[in-house]
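Morning, everyone. Please bring up the structure, and we'll walk through a few spots on it.

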Amino acid sequence: MNSIKTTALLAALTGLLLAVGSFFGGAKGMTIMFVVAILMNFGSYWYSDKIVLNMYGARQVTPQEAPELVRMVANLAKKTNMPMPKVFIMDTDMPNAFATGRNPENGAVAVTTGIMRALSYEELEGVVAHELAHIKNRDTLISTIVATIAGVITMIANMAQWAAIFGAGRSDGEDNDGIAGIVEFVFLIVLAPLAATLIQMGISRSREYQADATGGVMCNNPLALASALKKIEYYAQHRVMAQATPATSHMFIVNPLSGAGNWMVSLFRTHPATEQRVAKLEELAVTIRK
């Protein structure tokens, strides 16, 4: 299913870029954007994980630099017969974490310095198990590709806004004042960013529940993960991670922009409500005890 979603998203990105090329440059613009689309698809598949890690200044750590964290990841990976993912740390006080990588063989787990200070060992283990679950469930490729596509759509929308201000449009002599031109501008300026958010929301909500369940079983302590989610949510509601962007917010275990005060962030949540996730984990804990 994730392979089908990946193909569909990359096809959608190609179509969107071709439409933008046609709007701004006619046939020549479409040709240029076709080449750009091929490069974007290639880069999204092979390098989107590196792009996101670099965006957050994540640095890979060795067992000598972070022995407890690396050992924790190694033990959980071994427990579920997964390849050992690379381990990264992001230097920020905000507690959060995400996983990336196009497949389990190229997986990576990134945690913030803030989460290592804010959580107990058992809570952090629950978070790491959740992120390993994303890798095991092969969510990470689709997640990082969505981040890349959402970033491109946002960039295109910004271009369209500037084009509207300066009167840019088709270069092949077509009338820009007609209904078609208005519709295209509305799509680029309003609907494209909305589509990016809806894509994130549709992918992220279901996979978060599944990763919670898989991670809770993996660490054999769903209540520790539930406690971690409550703590991370508290911080996210009261402070905003400075480096976080809407295009990548769906990748984190808890949306780092929850406390941004933006009505769009609240309306189009990329994660299920933390209270619902905690309730499901508490139910899982009862099942495991039985």
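Start with the surface. F42, Y45, W46, Y47, I51 and M55 make a nonpolar patch there, of about 580 Å². Keep in mind that this is a predicted model.

Is I51 exposed or only partly exposed? Its relative accessibility is 42%.

Next, a pair of helices. In general, two packed helices are described by the angle between their axes and the distance between the axes. Here the pair is α2, residues 67-79, and α4, residues 121-136. Their axes come within 10 Å. They cross at roughly 50 degrees, which makes α2 oblique to α4. And the handedness? The crossing of α2 past α4 is right-handed.

Now the backbone. Which residue has a phi near 55 degrees? That's N81, and the value is positive even though N81 is not a glycine. Find N81 in the loop between α2 and β2, where β2 is 86-90. N81 has a relative accessibility of 73%, so it counts as exposed.

One further asparagine to look at: N220. Its phi is positive too, about 60 degrees, and N220 is not a glycine. Where is N220 found? In the loop between α6, 179-219, and α7, 222-238. The relative accessible area of N220 is 51%. The cut-off for exposed is over 50%, so N220 is exposed.

That's the tour. Questions, please.

Technical notes
Residues are numbered from 1 along each chain as its sequence is written. This is a predicted model: local features need pLDDT of at least 70, side-chain atom pairs count only at pLDDT 80 or more; totals for chains, interfaces and linings use all residues. Side-chain values use heavy atoms; hydrogens and water are left out. Patches are made of residues with over 30% relative accessible area and no salt bridge: like charges are joined within 9 Å, nonpolar side chains (Val, Leu, Ile, Met, Phe, Trp, Tyr) within 5 Å. Accessible areas come from the Shrake-Rupley method with a 1.4 Å probe; for residues, only the protein chains shown count as cover. A salt bridge is a side-chain nitrogen of Lys or Arg within 4 Å of a carboxyl oxygen of Asp or Glu. Buried means under 20% relative accessible area, exposed over 50%, partly exposed in between (1.4 Å probe, protein chains only). Axes are lines fitted to C-alpha atoms, for helices over the stretch in contact, and angles run from 0 to 180 degrees between N-to-C directions. Helices (H or I, at least four residues) and strands (E, at least two) are DSSP runs, numbered from the N terminus. Angles under 35 degrees count as roughly parallel, over 145 as roughly antiparallel, 65 to 115 as roughly perpendicular and the rest as oblique. A crossing is left-handed if the near helix is turned anticlockwise from the far one by less than a right angle, and right-handed if clockwise.
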